[in-house]
Amino acid sequence: MWLCAVLAALLGLFLLRRWHRERQTVPRLSEKHVLITGCDSGFGALLARQLDERGLRVLAACLTESGAAQLRAAASERLQTVLLDVTCSESVAHVTAWVHERVGDRGLWGLVNNAGIAIPTAPNEWLSKEDFVKVLNVNLVGLVEVTLSLLPLVRRARGRVVNVASVMGRVSFFGGGYCISKYGVEAFSDSLRLEMRNFGVKVSVIEPGYFKTMITNLENLEKCFCACWEKAPAEIKASYGESYFRDFVATLKVLQKGYNSNLSLVTNCMEHALTSLHPRTRYSVGWDAKLLYLPLSYMPSALSDALFTMFYPKSVG
């Protein structure tokens, strides 16, 4: 009995110490610049407004001019926008020079790699190499190039790199480049964190569960799924069957009902990673991430396979 009491006391002290450490914030936030990619909508747009309200100097990178204009209209005059296509080296180089002009010798305090896509996605056998490459170029290769280009400025500020991965970087149960890219983001972040430790740069990974964003938009996913099915060879269609296609679409609709609409749960973690004196290495966000996907990632594969198989439709052949 006494052993349980001692363990409980030690756990309580540990949690109290962590709570105290994580409440300590970085000084002079109003002097610090943060670049966020993928600010047209979703997490990026919300984080840009959130940090702007906090007084930071936000550099918001958008893919489209309409997204940039909409963001500027909702923020203060401090916030600046720039167009960025993370898959284009010329665009990345232009934005790097643009950021350098604005931060000068102070360096870049924060880089948030948020830009990402999920489409095309479908069972792997329905996809082509180009379908995988399209997603990987945005979610992984683009993220790496943006980071490497801006890393000297982040090192100068002894700042932060915040990479948005996913719970699908812990477990993978659907095809396409998305899960592969997020596993890659996890691996890149781990190696970068070790390399940057001596430079005073801290690297954090955000692992959201399923939230209602453009990436998880049901209409877009359904259109993509239908297009992939239509272009699949006759042999593939015969092996899977029409019922597999219909049931997969139906499963998407059921799962979509459980998506979280409170995007601030994710952006609050991003903000903490940028502003806390002692940020966490990883932030798993959402009830599904904490209670389902993260625990499953530590379980034997046979167990997770059995669970996910329950939701998979049955093929003909």
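This is a predicted model: local features need pLDDT of at least 70, side-chain atom pairs count only at pLDDT 80 or more; totals for chains, interfaces and linings use all residues.
Residues are numbered from 1 along each chain as its sequence is written, and side-chain values use heavy atoms, with hydrogens and water left out.

Helix α4 covers residues 89-103; helices here are DSSP runs of H or I with at least four residues, strands are E runs of at least two, and both are numbered from the N terminus. Its 15 residues reach 21 Å from first C-alpha to last, close to the 21 Å expected at 1.5 Å a residue (the expected span is 1.5 Å times one less than the number of residues). Now look at its sides. Ser 91, Val 92, Val 95, Thr 96, Trp 98, Val 99 and Val 103 are buried, where buried means under 20% relative accessible area, exposed over 50% and partly exposed in between, with a 1.4 Å probe and protein chains only. These buried residues line one face of the helix, because they fall within an arc of 165 degrees when seen down the axis of α4; the arc is taken from the directions from the helix axis to the C-beta atoms. They pack against β1 (33-36), β2 (57-62), β3 (80-83) and α5 (129-157), contact being heavy atoms within 4.5 Å. On the other side of α4, Glu 90 and Glu 101 are exposed.

Next, let us turn to strand β6. Strand β5 (residues 160-164) pairs with β6 in the parallel sense over 5 bridges, pairing being at least two DSSP bridges between two strands. Val 164 stands opposite Ile 206 of β6. From β5 the chain crosses through helix α6 (residues 177-196) to β6, in a right-handed β-α-β crossover: with the strands pointing away from the viewer, the path from the first strand over the helix to the second runs clockwise. β6 also runs parallel to strand β7 (residues 282-285), joined by 4 bridges, and Pro 208 stands opposite Val 285 in β7.

Finally, the cysteines. The whole structure holds 0 disulfides, a disulfide being a pair of cysteine sulfur atoms within 2.5 Å. For Cys 88, the closest cysteine sulfur, in Cys 62, is 16 Å away, too far for a bond.
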